[in-house]
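Here are my notes for your first look at this model. Keep the structure open while you read the points.

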Amino acid sequence: ARRSRSISSFRCCCSAFSCPVPLPVQAVLLAFLVTAVAVTCITIFAINTKIDVTRWGTLLLVAFVAFIVLLLVGMFWINRILYLVIAGFACLLFSAYLLYDIQVGGSGVLVASCRA
């Protein structure tokens, strides 16, 4: 009886982290393609732009806190429009974080200043 309980709890934990509905392969490939194109375009823009994004650190932190607040509101207030707002805000926020990280560089050295 103890073994069957542990197996059922393992199944419960695994089902919480897996997708309950199998996704079609086309949807997964489309998501991968859209993500790859977006990351490539943001990278090219970050390297070639004259906009200094390196000062956006504080603004991005405030936006991230606002995102966490939106997530907490979304946990208790069920609304489809709010979920779309959260998803759109997340896409913009993490795209801006990618842009910021590319310009600052992984080591914290400004990449734009290396291009003389």
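**Helix contacts and a pocket**

1. Start with α2 and α4: their axes come within 9 Å and cross at roughly 45°. That makes α2 oblique to α4. (Axes are lines fitted to C-alpha atoms, for helices over the stretch in contact, and angles run from 0 to 180 degrees between N-to-C directions. Under 35 degrees counts as roughly parallel, over 145 as roughly antiparallel, 65 to 115 as roughly perpendicular, and the rest as oblique.)

2. This is a predicted model, so local features need pLDDT of at least 70 and side-chain atom pairs pLDDT 80 or more, while totals for chains, interfaces and linings use all residues. Residues are numbered from 1 along each chain as its sequence is written, and side-chain values use heavy atoms, with hydrogens and water left out.

3. α2 passes α4 in a right-handed crossing. (Right-handed: the near helix is turned clockwise from the far one by less than a right angle; left-handed: anticlockwise.) From α2, the contact takes Val39, Ile42, Thr43, Phe45, Ala46 and Ile47; from α4, Ser95, Leu98, Leu99, Ile102 and Gln103. Contact means heavy atoms within 4.5 Å. By class, eight of these residues are nonpolar, three polar and none charged. (Ala, Val, Leu, Ile, Met, Phe, Trp, Tyr, Cys and Pro count as nonpolar; Asp, Glu, Lys and Arg as charged; the others, Gly among them, as polar.)

4. Now turn to α3 (residues 57–76) and α4. Their axes come within 10 Å and cross at roughly 155°. The two helices are therefore roughly antiparallel. α3 passes α4 in a left-handed crossing. Among the contact residues are Leu60, Phe64 and Phe67 of α3, and Ile86, Phe89 and Tyr97 of α4. The contact of α3 with α4 divides into 19 nonpolar, two polar and no charged residues.

5. Last, the largest pocket: about 150 Å³ of space lies in it. (A pocket is an open set of points on a 1 Å grid where a 1.4 Å probe fits, with protein on both sides within 12 Å along at least five of seven lines; lining residues have an atom within 4 Å of a point.) Val34, Thr35, Ala38, Val39, Ile42, Cys91, Phe94, Ser95 and Leu98 line this pocket. α2 (25–48) and α4 (80–104) each give two or more residues to the lining. The largest share, five residues, comes from α2. The lining has seven nonpolar, two polar and no charged residues.

Technical notes: Grid points are joined across faces, edges and corners, and a volume is the space filled by probe spheres set on the points. Helices (H or I, at least four residues) and strands (E, at least two) are DSSP runs, numbered from the N terminus.
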